[in-house]
Amino acid sequence: MPVEITWWGHATTSVLDSGTTVLTDPLFTRRCAHLRRRRGALPPPATWRPDAVLVSHLHADHLHLRSLARLAPGTLLVLPRGALRAVPGLRRVAARLDVHEMLAGESVEVGRVTVRSVPAAHDGRRLPLGPRRVPALGYVVEGEARTYYAGDTDLYDAMASETGPVDTALLPVGGWGPRLGHGHLNAERAAEALVRLGPHSAVPVHFGTYWPVGMSAVRPHEFHAPGDEFVRCAARVAPGVRVHRLEHGQSVRLAVTG
C-alpha cells in the first residue's frame with residue numbers, strides 16, 4: 001500500500017500510512033500572531049479529523065491553539081513533555097482531546113503505525129518567556145514505510161543515529177521572515193541533512209506560506225525561493241534522493257520499497 005503525503009503549507013502535512021492519518025503541526029488560520037498567509041488555500045475541514053496530531057514544539061506557528069481547538073473530540077494529540085504546563089490555555093483546548101506527552105526516544109501506537117519521537121536542535125520553549133526545559137522534537141512515523149517529520153531543527157551530530165533509517169524525510173527549508181535564525185535549516189543545510197539521513201525521497205516544508213504583516217517587500221527571495229533552492233541543492237549533494245517539491249494542498253503517493 002503506498003504512503004501518501006500531503007503538504008498543506010508551512011509545517012502542516014498529512015501522512016497516510018497503513019490506513020492511519022497523522023497530521024503535523026496544524027495551522028488552520030490565515031493569521032497567526034504577526035504572520036499572514038500569503039499563498040495557498042487553508043486546509044479543508046476534512047483535514048481536522050486525523051487519527052493523531054504531532055506537535056513538534058511550542059512556538060505559536062507549530063502549537064497553534066485555535067487550530068487545535070478545531071480537531072475532532074478524542075483525537076490523539078502528541079506533544080513534547082511539559083507542554084501542558086508551559087502553554088497558557090492549552091489545558092482548556094486539550095481537555096477534549098487524548099493528550100500524550102513525550103520525550104525523545106519514546107513511542108506511541110496510533111492505529112496501525114508507531115510514532116517515535118526523536119531530538120531536534122531547536123529552541124522549543126513557548127516564546128517569549130516559556131521554560132527552556134520543554135524540548136523540541138521530530139517524529140518518525142513507522143508503518144508500511146518510515147517517514148521522518150523534522151519539525152524545526154538544525155543539523156546536529158547525532159541526527160542520523162537518533163532518527164535511524166527512513167524512507168521519506170519531511171524537512172524544513174525556510175522560515176516565515178526575512179532572516180532565518182539559529183536552530184533552523186535553510187535549503188542548503190536541509191540538503192546536507194539528506195546526505196546524513198539517506199532517505200529514498202524527501203518533501204520540503206516550512207516555506208512559502210506565512211510572512212510578517214507589512215513586510216512583503218523585505219527580502220522576498222526568502223519567501224519564494226527555498227523550495228526550488230532545496231531541489232537544486234539536493235540534486236547536487238544527494239542525487240540519489242527523489243525530491244517532491246509539492247504545491248499547497250498537493251499530495252504525493254510513494255511506493256513502499258520494502
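Thr12 is tucked away in this predicted model: its relative accessible area is 1%, so it counts as buried (under 20% relative accessible area, with exposed meaning over 50% and partly exposed in between, using a 1.4 Å probe and protein chains only). Residues are numbered from 1 along each chain as its sequence is written. Because the model is predicted, local features need pLDDT of at least 70 and side-chain atom pairs count only at pLDDT 80 or more, while totals for chains, interfaces and linings use all residues, and side-chain values use heavy atoms, leaving out hydrogens and water.

Thr12 sits in strand S2, residues 12-17 (helices, H or I of at least four residues, and strands, E of at least two, are DSSP runs numbered from the N terminus). A polar atom of the Thr12 side chain lies 2.8 Å from the backbone oxygen of Asp25. Setting aside residues up to four places away in sequence, Thr12 touches Thr6, Trp7, Leu23, Thr24, Asp25, Pro26 and Leu27 (contact meaning heavy atoms within 4.5 Å).

Helix H5 covers residues 187-197, and its buried residues are Ala187, Ala190, Ala191, Ala193, Leu194 and Leu197. Viewed down the axis of H5, these fall within an arc of 150 degrees, so they line one face of the helix (the arc is taken from the directions from the helix axis to the C-beta atoms). As a rule, an α-helix has 3.6 residues a turn, so residues three or four places apart point the same way. Among the elements covering the buried residues of H5 are strand S12 (146-149), helix H4 (159-163), strand S14 (201-205) and helix H7 (226-237). Just past H5, Gly198 has a positive phi of about 65 degrees.

The largest nonpolar core has 51 residues, and those with the most contacts inside it are Tyr139, Tyr148, Leu171, Leu194, Leu197 and Phe230 (such a core is a set of buried Ala, Val, Leu, Ile, Met, Phe, Trp, Tyr and Cys residues joined through side-chain atoms within 4.5 Å). H5 supplies the largest share of this core, six residues. Beyond its neighbours within four places in sequence, Leu194 is in contact with residues including Ala169, Leu171, Phe230 and Val243. A second, separate core of 20 residues includes Leu58, Leu71, Val93 and Val134.

As for cysteines, Cys32 is buried at 3% relative accessible area, and Cys233 is buried at 12%. The disulfide count is zero, a disulfide being a pair of cysteine sulfur atoms within 2.5 Å.

Methods:
A polar contact is a pair of N or O atoms within 3.5 Å; within protein, one must be able to donate a hydrogen and the other to accept it, and residues adjacent in sequence count only if both atoms are side-chain atoms.
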